[in-house]
Number of protein chains: 2
Amino acid sequence: MTDNGNSERPIPRTGRPGKRKRTDAQQDLRDRPSTIRDVASKAGVSVATVSRTLAGNYPVSDETRARVMAAVESLHYVVNVHAKALSGRVAGPVALVMKDITGPSLAHVAAGVEQEAADRGRLSLVCATHDDPAREDDLVQLMREQHAAAVLLVGSVVPDEAYDRRMIGYAEALNAAGSRLVLVGRPAPAPDLPVTVVDYDNRGGAFQATSHLLASGHRRVLFLGGETGLSSGDERRAGHRDALRAHGVDHAEELDTAGTYTRASGYVRTRDALRAGLEFTAVFAASDVVALGALAALREAGLDVPGDVSVVGFDDVPFATDLTPSLTTVRVPYEELGRTAVRMALSRTQAPADDHVVLGTQLVIRRSVRRLDW
Amino acid sequence: MTDNGNSERPIPRTGRPGKRKRTDAQQDLRDRPSTIRDVASKAGVSVATVSRTLAGNYPVSDETRARVMAAVESLHYVVNVHAKALSGRVAGPVALVMKDITGPSLAHVAAGVEQEAADRGRLSLVCATHDDPAREDDLVQLMREQHAAAVLLVGSVVPDEAYDRRMIGYAEALNAAGSRLVLVGRPAPAPDLPVTVVDYDNRGGAFQATSHLLASGHRRVLFLGGETGLSSGDERRAGHRDALRAHGVDHAEELDTAGTYTRASGYVRTRDALRAGLEFTAVFAASDVVALGALAALREAGLDVPGDVSVVGFDDVPFATDLTPSLTTVRVPYEELGRTAVRMALSRTQAPADDHVVLGTQLVIRRSVRRLDW
DNA sequence: GGGACGAAGGGAAACGTTTACTGTGCGATC
DNA sequence: GATCGCACAGTAAACGTTTCCCTTCGTCCC
């Protein structure tokens with residue numbers, strides 16, 4: 001024993017009496033992460049002292065601290081987060097659940113979430129559902145197992161009864177586990193639920209967009225809306241109609257289309273409208289990628305934007321400024337959406353109530369709209 | 001006692017003899033996640049039986065199973081992953097460390113990583129470094145604590161000596177902890193290191209791009225390269241020069257520029273080249289966003305693409321097809337890059353050696369290049 | 001000179017699982 | 001009819017930390 005001879009009590013044992021699978025001791029350093037006991041024995045102190053030295057919340061003599069730190073260095077010791085979580089408290093991660101990460105808007109939400117989470121010392125778990133509700137169920141379950149501090153469900157949905165039921169279930173299950181459900185860009189299923197809702201003003205943004213077109217003298221606006229039923233789609237449609245009504249413009253049924261948020265959908269609907277001989281001087285696409293399709297169809301038809309037809313989008317994705325012409329669109333604060341969601345979920349005081357917030361949207365005027373009265 | 005009366009043995013106790021902070025039992029369900037002991041006591045069995053019932057790796061009578069499942073349901077029990085990790089083995093997460101998540105190419109890598117990880121039953125931790133080496137150090141450390149199965153460092157770098165040292169440290173530290181360092185899109189710091197490298201053929205892609213321009217009759221190609229020193233930038237530059245050499249075209253120093261991978265850089269360099277009166281009939285931008293800037297500058301100068309100047313990009317970001325004109329570019333299999341990285345890191349057999357793979361890149365011909373000899 | 005006190009450190013419980021051991025009955029086998 | 005084996009269930013050790021509680025030792029104050 002290499003005890004420093006000042007005590008009869010046994011020095012902390014190197015290993016437990018329990019069996020060790022590994023027979024040759026030389027391998028121990030190689031493939032098994034070193035534990036606090038390894039550090040303790042190497043430093044000739046107890047595990048309690050090592051823990052306290054590293055935590056720095058307890059007086060430790062300089063000499064002991066030095067020995068412990070040296071042992072930590074030489075063993076490349078890092079704490080085992082599972083053990084730490086099991087005993088002391090560990091800040092749970094933030095879980096981000098979305099349909100897909102590659103879309104520019106969702107990527108920005110993710111960036112905001114990651115940044116705010118990191119600022120608060122949390123890790124971010126990112127998962128894609130690919131629009132599969134069963135997968136969403138599994139993920140919420142999984143996040144409960146992981147003790148996630150908050151579970152963020154991001155992206156527009158069809159708010160039917162099944163959706164409400166699922167969200168209610170999630171909210172309660174997470175709440176019971178001390179976590180928090182956060183709905184980002186999707187509606188609350190019911191009032192007084194333990195849920196945080198962070199949304200943005202779809203309706204107001206669409207209102208601004210269409211108002212801008214109407215104020216520029218356009219009267220026949222082809223609306224390339226999102227899917228009917230989808231929350232963001234319906235809200236943007238409502239904002240569009242609000243604006244028509246507010247400006248006393250008749251709502252032409254045939255100009256009010258619905259479809260998916262894809263380039264293809266924008267392309268097809270615009271092309272078909274042109275083929276059908278519909279008259280319009282402007283297009284309001286309910287998303288920038290839809291606008292992309294519209295621009296392609298218009299260009300193909302030999303129409304100039306904004307010379308012949310004006311176009312407005314929605315989202316303000318990064319490339320909107322680089323299109324020809326640069327796209328007038330509605331800016332959605334996606335990154336701020338993510339940050340706010342994390343902030344609200346984590347800094348929630350003991351208020352058990354639900355909390356909602358709606359971030360504003362804002363028209364960004366570029367070059368894809370022409371004033372007709374010029 | 002609601003025991004079913006068929007045994008004298010004491011039913012498992014409800015709680016441990018140890019002290020409980022909570023005094024009023026009614027609160028127990030509310031804020032503390034229920035444990036396997038809660039389930040066991042509710043079902044009138046031992047914790048071992050509950051564990052085995054849930055794991056399904058041990059014979060359990062139908063009646064017992066039903067009771068356990070009922071208890072699980074009613075208590076909304078989920079296993080505590082930390083406890084599980086401490087005892088049996090739990091598949092560690094995959095950690096993805098990158099400069100920023102919002103870029104289209106990195107987002108696609110992330111999507112590939114997430115998908116492959118999910119397919120293998122792993123969670124994905126996503127972190128942004130914002131190009132801060134110290135943050136990268138912290139994250140690697142953090143991932144070691146988290147027992148990540150693999151740590152993926154994604155994105156081009158300046159491979160200087162400090163970089164090598166850091167990567168070597170990471171590789172060894174992670175390897176010692178049973179994890180694996182994976183470098184994606186960046187070079188290996190040294191041979192025979194426990195590291196997995198997944199890269200793509202920057203040089204070959206650039207060679208194809210410039211070759212395409214030269215084969216189309218262009219002789220003076222403005223090269224908008226990436227930063228000198230940056231691995232991907234240097235490789236693409238090398239590929240470009242290879243092609244010039246292969247086609248016997250003189251390398252004109254003034255046409256070979258370096259800068260950042262930003263739209264602004266592409267814009268400024270193209271504008272300056274035009275102002276300086278440099279003669280060129282084609283532009284090869286070392287990334288699509290740089291091409292975006294070039295397109296804007298050309299347009300501003302009243303030049304038509306591809307009528308007056310041809311343009312080729314690199315990356316094949318999603319919007320490349322939607323530009324005016326659609327952009328001829330080099331496709332990089334970003335998503336596959338992510339998938340491959342995870343696959344290689346996780347399905348690595350006991351081969352302790354380093355393993356490298358280079359994915360191919362491929363020219364995608366669209367409408368931004370004109371044949372000069374027509 | 002004696003007690004109080006603070007600094008420093010150790011022992012061991014507790015966190016929630018999994019699983020190796022140990023029993024039990026009970027039907028089948030010789 | 002004793003025995004073997006199997007289905008089923010419980011006990012307890014182990015996983016790696018943190019922290020409560022206890023001990024020791026030196027100082028300071030009256």
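In this predicted model, the centres of domain 2 of chain A and domain 3 of chain A, taken over C-alpha atoms, are 30 Å apart. The contact between them, meaning heavy atoms within 4.5 Å, takes 11 residues from domain 2 of chain A and 11 residues from domain 3 of chain A. Chain A is assigned domain 1 (24–79), domain 2 (94–200 + 335–359) and domain 3 (202–332), with bounds that come from an automatic or database domain assignment.

Residues are numbered from 1 along each chain as its sequence is written, and chains are lettered from A and ligands numbered from 1 in the order in which they are written. Local features need pLDDT of at least 70, side-chain atom pairs count only at pLDDT 80 or more, and totals for chains, interfaces and linings use all residues, while side-chain values use heavy atoms, with hydrogens and water left out.

**Between domains 2 and 3**

Domain 2 of chain A and domain 3 of chain A bury about 830 Å² between them, 57% of it on carbon and sulfur atoms. Buried area is the accessible area (1.4 Å probe) that two parts lose on being put together, summed over both. Of the area that domain 2 of chain A buries against domain 3 of chain A, 57% is supplied by Pro104(A), Ser156(A) and Tyr200(A), more than by any other three residues.

The two domains share 5 residue pairs in polar contact, both residues at pLDDT 80 or more. A polar contact is a pair of N or O atoms within 3.5 Å; within protein, one must be able to donate a hydrogen and the other to accept it, and residues adjacent in sequence count only if both atoms are side-chain atoms. On the side of domain 2 of chain A that touches domain 3 of chain A, helix H6 (104–119) and strand E5 (195–200) of chain A each supply at least two residues. Helices (H or I, at least four residues) and strands (E, at least two) are DSSP runs, numbered from the N terminus. H6(A) gives the largest share of that side, 3 residues.

**Around DNA strand D**

Of the 30 residues around DNA strand D, those that come nearest are Ile36(A), Ser51(A), Ser87(A), Tyr58(B) and Thr64(B); a residue is near a strand if one of its heavy atoms lies within 4 Å of it. Sugar or phosphate accounts for 63% of the atoms of DNA strand D within 4 Å of the protein, and bases for the rest.

| Residue | Residue atom | Atom of DNA strand D | Distance |
|---|---|---|---|
| Ile36(A) | polar backbone atom | phosphate oxygen | 2.5 Å |
| Arg52(A) | side-chain N or O atom | base nitrogen | 3.0 Å |
| Ala83(A) | backbone N or O atom | base nitrogen | 3.4 Å |

Helix H3 (47–55) and helix H5 (81–86) of chain A, together with helix H3 (47–55) of chain B, are the elements that give two or more residues to the surface near DNA strand D.
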